[in-house]
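Keep the structure in view while reading.

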Amino acid sequence: MSETRNPLGLSSIPSVSSEGLVPVGRRTSLGSYLAALWNRRHFIIAESRAKMSSSTRKNILGYGWLFLNPLLSVLAFWFIFGYILQAQKGVDNFLGFLVIGVFFFGYTGKCMTGGTGAIRSGAPMIKGFQFPRAALPISVVVRNFLDFLPTVLVMVIVLAVVPPLEVITWRIVLVIPIVILQTIFNVGMTCFLARLGHKIPDLTNFMSIVSRFWLYGSGVFFSIEDRLSDQPVLLGLMQLNPMHAYLTLTRDSLLYGTDSDPRMWIIGTVWAFGLLIVGFLFFWRGEENYGRL
């Protein structure tokens, strides 16, 4: 079977083999699919970097907006929730609390909205090349991860220089496994939503509403434990929210320098690997349908 390759390592669609025509996008075994996906890792990184560069090239400040957007959002939310609504009552270092919430939720929120439209936005590539379609939602996560890394550095600097100052402890290293867990969760989520978004075009618009609802329900602007202390059942359900777990773990490790409840680590880990398995398998089973756009 003959095929050509482009610079990114994608195979053009093979037309004829010794056995006849080869269906486009045919679903292979899971092992073969994972191997092919690993072989396209350089494409995923290159495609993510290319889209990241193109999204900032049109702006005068370029990459500066990666830092300005979340910082301006923090200022807006602080004015509304901290100053006007007084949501800062009962929260130590509300500004740092808010900074971590906005920055970390923004990472997952962008993956959610981008992953929903990953297949449709990649339609020209799907029709022109043969490759594991999971590369498209995964590239969404990689692109947002590359955007997120420098903002984490800005976040740490803000927490270190803006009063009230917090004493940085050894627990700051725990931010690394937290980001890893959140990234694994994002991969599973984007794969799951990518297939749904392919089947339901209107889902992209609906997910922006879901994202806002999730934002308010994750404890980004206020402490869920303080606000729902008199409603234990609702509080227990809200604490099962994966983003609440990741935000709590980050705030405890980076902002407050305290040990987190082991239950938060369990919730975050189960959500990350559970959704990765479910989301990836769900996406893989629809592989044959993604060329029908």
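Asn93 counts as buried, because its relative accessibility is 11%; buried means under 20% relative accessible area, exposed means over 50%, and partly exposed lies in between (1.4 Å probe, protein chains only). Asn93 sits in the loop between α3 (64-84) and α4 (94-116). Helices (H or I, at least four residues) and strands (E, at least two) are DSSP runs, numbered from the N terminus. Although Asn93 is not a glycine, its phi is positive, at about 50 degrees. Most residues other than glycine have a negative phi.

The model is a predicted one, in which local features need pLDDT of at least 70 and side-chain atom pairs count only at pLDDT 80 or more, while totals for chains, interfaces and linings use all residues. Residues are numbered from 1 along each chain as its sequence is written, and side-chain values use heavy atoms, with hydrogens and water left out.

The protein chain as a whole has 13 helices and four strands. It has 293 residues, of which 46% count as buried. The protein chain exposes about 14700 Å², and carbon and sulfur atoms supply 68% of that area; accessible areas come from the Shrake-Rupley method with a 1.4 Å probe, and for residues only the protein chains shown count as cover. Among contacts between residues at least 6 apart in sequence, 79% join residues at least 24 apart, where contact means heavy atoms within 4.5 Å.

Is Ala272 buried or exposed? Ala272 is buried, with a relative accessible area of 0%. Not counting residues up to four places away in sequence, Ala272 touches Leu181, Ile184, Phe185 and Tyr246. Ala272 and Phe185 are 87 residues apart in sequence, yet their C-alpha atoms are 4.0 Å apart in space.

Next comes the packing of α13 against helix α8 (residues 175-199): their axes come within 7 Å and cross at roughly 30 degrees. Axes are lines fitted to C-alpha atoms, for helices over the stretch in contact, and angles run from 0 to 180 degrees between N-to-C directions. The angle therefore makes α8 roughly parallel to α13; angles under 35 degrees count as roughly parallel, over 145 as roughly antiparallel, 65 to 115 as roughly perpendicular and the rest as oblique. The crossing of α8 and α13 is left-handed, a term for the near helix being turned anticlockwise from the far one by less than a right angle, with right-handed used if the turn is clockwise. By class, the contact of α8 with α13 has 20 nonpolar, four polar and one charged residues. Here Ala, Val, Leu, Ile, Met, Phe, Trp, Tyr, Cys and Pro count as nonpolar, Asp, Glu, Lys and Arg as charged, and the others, Gly among them, as polar.

Helix α13 (residues 262-284) also packs against helix α12 (residues 242-256), at an angle of about 130 degrees and with the axes 9 Å apart. The two helices, α12 and α13, are therefore oblique to each other. The crossing in which α12 passes α13 is left-handed. On the α12 side, Pro242, His244, Ala245, Tyr246, Thr248 and Leu249 take part, and they meet Met264, Trp265, Ile267, Gly268, Trp271 and Ala272 in α13. This contact of α12 with α13 has nine nonpolar, three polar and no charged residues.

Back at α8, there is a further partner, helix α9 (residues 203-216), packed at an angle of about 145 degrees with the axes 11 Å apart. In this case α8 passes α9 in a right-handed crossing. Phe185, Met189, Leu193, Leu196 and Gly197 in α8 meet Leu203, Met207 and Trp214 in α9. By class, that contact of α8 with α9 has seven nonpolar, one polar and no charged residues.

Two further residues complete the walk. Ile176 has its place in helix α8 and counts as exposed, at 57% relative accessibility. Leu149, found in helix α7 (residues 135-161), is partly exposed, with a relative accessible area of 41%. Leu149 and Val179 are 30 residues apart in sequence and 9.6 Å apart in space, C-alpha to C-alpha.
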